[in-house]
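Subject: Structure handover

Hello,

Here is the structure for you to look through. My notes come after it.

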Amino acid sequence: MATSVVLVVAILTAISTVEASGDVSSGARSTRVRRQTGELRQEIPAQFNQIYQGSVFNGTEDIYRYSYMQNESSPRAIRVEVKSQGASEDYPLLFVVRQQRGILSWQVPLMIRGIYGYDKVSRTLCPMDHLQTGVKDERETVYLEVSAASPAALNYRVNATILTDFSLSTGQSRNFLVSPSQPQYYAYKMPPDLDMVVVKVSSPSNLCAVFSLQPIKCPVYDLDRNIEFVGIYQTFMKKAAITVQKSYFPNGEFYVVVVVKATDSDCTGEMETIQPANPSDEAFEMRRVKEVTVVVGPSITDSQYVTAVFVGILVFVLFYVVTFMVLFIQWIRQRNAELEGLAPRPEEQGGFQITQPATNAEAPINAQRTEPNYGATGWDRVKMPSVLDSAFTDGLSLNHITILGKKLSKNTSPSPEKEANISSNKPTTDPYSMGEQPIETKPGIPPTDQPNGPPMPTNPPPPRPAQSKSYPKPPMVHTLSDSSMEDDIDMLDDADEDKDIYRTKTFLYVADLARKDHRHLSQKYNLYSWNLLTISVFYALPVIQLVITYQKMLNTTGNEDICYYNFFCAQPAGDLTAFNNVYSNIGYIMLGVLILILVYRRDYTHQKKVDAGDRYAIDYGIPKHFGLFYAIGIALVMEGVMSGCYHVCPNYSNFQFDTSFMYIIGGLGMLKLYQTRHPDINANAYAAYASLAIVIFVAVIGVVFGTPYFWAIFTVVYVLAILALTAQVYYMGRWRLDMGIFHRMYLLIRTDCLQCSKPMYWDRFVLLLVGNIINWSLALFGAVGQPDDFASFMLAIFIINFLLYFVFYIVMKLRSGERILWVTVGLIIITLICWTLALSFFFKGVTTWEKTPAQSRLDNKACVLMGFYDDHDIWHFMSAISMFCSFLVLLMLDDDLDYTPRDKIPVF
């Protein structure tokens, strides 16, 4: 009796509550379900598109039976919507759907991440039409069971509808609303004529959502907690895209599933304050409703794919064809000239020139001198044609003559051999060129016909009379560092006595800095290429293994948030998701190999001339050292390899693969430009690569730990490095950081700053002043702005300094009366145009790993070239061409000096 009373009270309470709630979906009829007295389980024949309202409590159960006819030709799906405001987390309503091949269940309130409870839930049932192929006009029955464990009656509302537009069509868009508790999915089947399609989703809302492609099978994982279990998926905010090959899904059929996340933290990377849901707050659920548009479009065809790949490689094959044609024409001209007994000279080829070459009566940069000047050494106060020689002759005291702070004391006498050696090193034609041997005449050519050579003196100076007095011999002038260091070992008998003198003259010529044995220098510079080759092998092997592992992980898990592709232009090939981004790096490899071929040809030709005794190849022009050029070619090839590896799966963890060899290329370019006129004092390979390794290490630290403390330390170190490099360049390597630095700085300030009205090395001073202003500005910008992309910031420092030095080199070359051949001028113009185009595509940016994957997709763009290449691919093409042209300019920049004596080529 008591049980019957409780049952009657519960039914009356449910009826009154249902009647009070007049929330009925528009267009759907509402039916109130009444339970018979004492009936615990009732089955209700139900109709689609009709709302049923009822209530259940502990021990009771309502079962709704829906029937429909299957139609294979027009697949349909059932969508069930339930709502209950009286259910709670402790006493939820349980909904179970039984189908022929599966069961789907959920509860109300639907708990998302254990905190957010939604009292309105909509789920799409897995359609049987796609699973029972070959079965037509068969009736399917679906059962929806509602139950609860609550002691009190819980009211609910149920509505089931048939989705007749469940299938997506190629090229047609579909709009719908989704939320965390109301996911949506639709079916798509590729037409027979398509092998690849692109599924795109877009939304005007910034709410975080997940977009997934899943195979046609039950169950369909469409909730936040399980959508990542199967298929391919991405997080997105406003747009996303997935390119699908027919071979990935059986028969090219798949579901497109979309669900909204409970919070935006997965898309923004920022933690949000979690506020538990209030079931009575209708606005709570509306805040997480997202409007989504899905469209499935065709990708490029196989013929377009193959054409794009072929054109990409054909562009760089044309560079080979044009290069070999030019080389063949040049070989024909040289052979004809040799047959006629004439050799083409650079002056016959014309060129760009703004001043006339300096003569013996002129300093190279429009400065008159009547005697040698040794600015930083203090020897400029001694007015005599030869410093050491005249010091002994005139009996001057050497006690207070200093070289960068080191005194020369008199304690021994010069030997006749040494005195003769010193006298023989005196210049015969140019007062600024110390220690050079007189220019010998070429056999068969009169002295007056030496091309670009110094004029032979008509009245040679009379020999110096023998001295009757004996003067003390100056001690050996040691360098300011341990003489056992590799960069201080000279292949000269008197290297330790005249190195500081020659390198600190106010006006230097290449002859002053090309005194070391050419063979030993060539061996030193060849270490650049061999060391880089070794570094590349050991660096590339683990990189290749790592990126292959990343790609396999993406293919296995389906998580496309692992890699930062431009998904709106990702052309797959085999296991590679974005083959176009990998393939577009082929330009670096092909043009890098072409550079190696051109450098080898020059090296081979030069060596043949040297072996034949051609004095123009031995004693004229810029000293030919090709080791750095070989290293540059190898670096360009490796940039293509490493950039390709990076683009297999670009992300935060492997960004340094794409930039490491860019640092090396920039550093080698600056070293080569500096080596051109400073062959004796350029850095060795070990020091150069160690410095670049430190730069790469700092770049990684800056990206991973880019805190204000890091920026403060980096700025201080950067400024100190600028100052140290400034001193090194200003004094041509005759400066060293040791315990005597403060004393030498005092002497420097007292002699060169306080007693001079202008800098002793004016041109170097201007270059270093501008360089310091720019680099200090970069350091200040980094300290204040703290850019997110620290790797690009470091690369910008390299590029800016390289461009600064290159412009300075061009300006000084023209000011010195030298010419730039017209072919080199044309290459410079082409290079500037290519770099401008390349950077314009680079700054468009289609991805960024500094942000979350969803935020990065906001920058994704469609293909812009042949439906295959995006903006970043064009950057790869144009930057490869730009670097190739840039290195050709370096290779040919001083070809106008091939017949100019080295004691006529100024150093700057």
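Two points on reading it. This is a predicted model, where local features need pLDDT of at least 70 and side-chain atom pairs count only at pLDDT 80 or more, while totals for chains, interfaces and linings use all residues. Residues are numbered from 1 along each chain as its sequence is written, and side-chain values use heavy atoms, with hydrogens and water left out.

**Overall**

The protein has 21 helices and 22 strands. These are DSSP runs numbered from the N terminus: H or I of at least four residues for helices, E of at least two for strands. Of its 908 residues, 52% are buried. Buried means under 20% relative accessible area, exposed means over 50%, and partly exposed is in between (1.4 Å probe, protein chains only). Among contacts with a separation of 6 or more, 79% join residues 24 or more positions apart. A contact means heavy atoms within 4.5 Å.

**Cores**

The largest nonpolar core holds 122 residues. Such a core is a set of buried Ala, Val, Leu, Ile, Met, Phe, Trp, Tyr and Cys residues joined through side-chain atoms within 4.5 Å. Y528, L532, Y663, L668, Y689, F714 and F790 have the most contacts inside it. Helix α18 (residues 790-815) gives this core its largest share, 16 residues. A second, separate core has 41 residues, including A209, F211, I227 and I232. In soluble globular proteins, nonpolar side chains tend to be buried together.

Take L532 as a way in. Setting aside residues up to four places away in sequence, L532 touches L527, A631, I634, A635, F661, I664, L668 and Y689.

**Helices**

After α18 comes G817, with a positive phi near 85°.

Helices α13 (residues 656-677) and α14 (residues 685-704) pack at about 140°, with axes 10 Å apart. Axes are lines fitted to C-alpha atoms, for helices over the stretch in contact, and angles run from 0 to 180 degrees between N-to-C directions. From α13, the residues Q656, S660, Y663, I664, G667, L668 and L671 meet A688, Y689, L692, V695, I696, A699 and V700 of α14.

**Strands**

An open sheet of four antiparallel strands runs in the order β13-β20-β15-β18. Its edge strands are β13 (173-178) and β18 (239-245), each pairing on one side only. The twist averages 20° from one strand to the next. β13 and β20 share six antiparallel bridges. Two strands pair if DSSP finds at least two bridges between them. N175 has T293 in β20 as its bridge partner.

Strand β10 (residues 120-124) is elsewhere on the list. Four of its five residues are buried, so β10 is largely enclosed by the rest of the structure. Strand β5 (residues 77-83) pairs with β10 in the antiparallel sense over five bridges. V82 stands opposite V121 in β10.

**Around α4**

S299 sits in the loop between β20 (290-298) and α4 (302-339). S299 is buried, at 14% relative accessible area. Beyond its neighbours within four places in sequence, S299 contacts M196, V197, V198 and Q571.

Q304 lies in α4. Q304 is partly exposed, at 40%. Q304 and M866 are 562 residues apart in sequence, but 7.6 Å apart in space, C-alpha to C-alpha.

**Backbone details**

Most residues other than glycine have a negative phi, and most peptide bonds are trans. Please look at these places:

- The V108 to P109 peptide bond is cis, with omega near 5°. P109 is in the loop between β7 (103-108) and β8 (110-112).
- The C218 to P219 peptide bond is cis, with omega near 0°. P219 is in the loop between β16 (209-215) and β17 (232-236).
- N49 has a positive phi near 60°. N49 is in the loop between β2 (41-45) and β3 (50-56), and is partly exposed at 40%.
- N251 has a positive phi of about 60°. N251 is in the loop between β18 and β19 (253-260), and is exposed at 58%.

Best wishes
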